[in-house]
Amino acid sequence: MNVLVLGAGQLARMMALASKPLNVAIRAYDVGSKTVVDPLAPQLTFGDLDQGIEFADVITAEFEHIDHQTLAVCEASGKLRPSSQAIKTGGDRRLEKALLDKAGVANAPYKVIEHKEDLLLAIEELNVPLVLKSALEGYDGKGQWRIKADSNVDLIWDDIASFLEQAKGRVPQGIIAEQMIPFDREVSMVGVRDIHGNTFAYPLTENHHSNGVLSVSLATGEHQGLQQQAANAFAKVADALDYVGVLAIEFFQVGDKLLVNEIAPRVHNSGHWTQQGADTCQFANHIRAVCGLPVGSTDLVRPTAMINILGVDSVPVEVLSVTGTQLHWYGKTKRPGRKMGHINVCGADKAELLARLTKITEILPEDDFQGVKQYVNDIS
Ligand code: ATP
Ligand code: MG
Ligand code: MG
């Protein structure tokens, strides 16, 4: 089988790595240069989108901010999985919120904002603090604003207006205002839906963010009370989208309740631990699902954690001497804050995992891994 992935970043690369043993060939469409490349050797090119579509038995995506014209062309070929509607819904917070409401899945209270008056009304009805999020093109905490009791709303609106002005022509206008949720913890569920409509969920993952970007994920299999709640939400969302492939749902945990933050119609950073800690990793399962192959077990093999490597292109090699550690580089050019790679580490039980995590944080330079050491301390 041949698969074309829309997007040529690290997620396409990891799909390609997981696909080789399945005898599935992967090419990736780089939306920036509009060329089809080998995701493991991006200097190898294979023409334009039409040629990519011709190559493919199946077309899928590694990110949700794909222009609608490209999605339409791919959908017309009859090869796109998941559907363009599912991808668009994950890429537009207004569609996403409407879907969550329709599917009856609890999420943070919100209002759609188009004009300054809408914002003033939202402040009145939802109360501060609020998080404002661009409806489109938001990722890694970009395109977000916070409104607190002492915020200067006029200044914030000016900033939003210039952000929207810059995006004009490329994307329709719009933001959403969301109530700031005083969560106890952030967790996510990565799961798979096959072509027959069966859903499979990985164990709930605990996520720690620094400056709006995922920093550490932890899968221990211990959130049994919440697992079923998350799996139910997962099935409702995946069914409502008639989804095929891997889908991720981010939640806020408030007490013993889960509220959806957002969905990602693709393999997800908080599922990278499955490369080492699950029977079948998310990348292999995504490819299996979109190719119509049987989905593999999503069971936890052993407690596993992932640390994101952000903005640096090397770490001390001694991390590899910590038993159970794997290093994954994406082969990208260094930029401040950019996702460059990740470290996975497992343990026979949570105590062993935490001990190994502590060893790793002692080796990693503190400046480049702000927040990781603190978090590991906090949970140890
Ligand atoms: P990504 O796609 O990379 O996960 P994003 O840019 O789509 O990020 P969100 O996930 O919506 O952004 O928000 C980033 C982080 O900001 C969340 O993980 C959470 O820590 C915080 N956050 C977002 N919305 C809220 C909210 N309503 N209440 C409290 N915290 C929030
Ligand atoms: Mg997002
Ligand atoms: Mg998010």
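Modeller: Start with the largest nonpolar core of this predicted model. This core has 35 residues, and Val-3, Ile-26, Phe-283 and Ile-287 touch the most other members.

Biologist: What makes such a set a nonpolar core?

Modeller: The members must be buried residues of kinds such as Val, Ile and Phe, joined through side-chain atoms within 4.5 Å. Val-3, Ile-26, Phe-283 and Ile-287 belong to the set.

Biologist: Which elements give two or more residues to this core?

Modeller: They are β1 (2–6), α1 (10–19), β2 (25–30), β10 (185–193), β13 (213–219), β14 (245–254) and α10 (282–290). The largest share, six residues, comes from α1.

Biologist: Why do you say this core lies between domain 1 and domain 3?

Modeller: Domain 1 (2–80) and domain 3 (185–379) both give residues to the core, so it lies between them.

Biologist: Which residues does Val-3 touch, leaving out those up to four places away in sequence?

Modeller: Val-3 touches Val-24, Ala-25, Ile-26, Arg-27, Phe-55, Val-58, Thr-60, Ile-287 and Cys-291. There is also a second, separate core of 23 residues, which includes Leu-204, Ala-230, Ala-238 and Leu-241.

Biologist: Back to α10. What makes α10 mostly covered?

Modeller: Buried means under 20% relative accessible area. Eight of the nine residues of α10 are buried, so by that cut-off the helix is mostly covered. The buried residues include Phe-283, His-286, Ile-287 and Val-290. After α10 comes Gly-292, whose phi is positive, near 75°.

Biologist: And how do you know that Val-317 is exposed?

Modeller: The cut-off for exposed is over 50%. Val-317 has a relative accessible area of 58%, so Val-317 is exposed. Val-317 lies in the loop between β16 (304–310) and β17 (325–329). Val-317 and Tyr-330 are 13 residues apart in sequence and 16 Å apart in space, C-alpha to C-alpha.

Biologist: Now the sheets. What is the strand order in the open sheet of five strands?

Modeller: The order is β4-β3-β2-β1-β5, with mixed pairing. The twist averages 35° from one strand to the next.

Biologist: What makes β4 and β5 edge strands?

Modeller: β4 (41–45) and β5 (58–61) each pair on one side only.

Biologist: How do you know that β2 and β3 pair?

Modeller: Pairing needs at least two bridges. Three bridges join β2 to β3 (residues 35–38), so the two strands count as paired, and they run antiparallel. Tyr-29 has Val-36 in β3 as its bridge partner. Helix α1 lies across β1, β2 and β5, running at about 170° to β2.

Biologist: What is the order in the open sheet of four strands?

Modeller: That order is β6-β9-β7-β8, and the pairing is antiparallel. β6 (110–113) and β8 (144–147) stand at the edges, each with a single partner strand, so one side of each is left without a neighbour in the sheet. The twist here averages 20° from one strand to the next.

Biologist: What makes β7 and β8 a pair?

Modeller: Four bridges link β7 (residues 130–134) and β8 in the antiparallel sense, and at least two are needed. Leu-130 has Ile-147 in β8 as its bridge partner. Helix α6 (residues 116–126) lies across β6, β7, β8 and β9 (175–179), at about 170° to β6.

Biologist: Which residue bridges the two magnesium ions, ligand 3 and ligand 2?

Modeller: Glu-262 does, and the ions lie 3.8 Å apart. Glu-262 coordinates the magnesium ion (ligand 2) through OE at 2.3 Å.

Biologist: Last, where do domain 2 and domain 3 stand?

Modeller: The domain assignment gives 109–179 for domain 2 and 185–379 for domain 3. Their C-alpha centres lie 29 Å apart. Four residues of domain 2 are in contact with four residues of domain 3.

Technical notes. Residues numbered from 1 in each chain as written. Chains lettered and ligands numbered in written order. Predicted model: local features only at pLDDT ≥ 70, side-chain atom pairs only at ≥ 80, totals over all residues. Heavy atoms only, no water. Buried < 20%, exposed > 50% of the residue type's maximum accessible area, 1.4 Å probe, protein only. Domains from an automatic or database assignment. Contact = heavy atoms within 4.5 Å. Axes fitted to C-alpha atoms, helices over the stretch in contact; angles between N-to-C directions. Donors = N, O, S within 2.8 Å, 3.2 Å for Na, K, Ca; no water.
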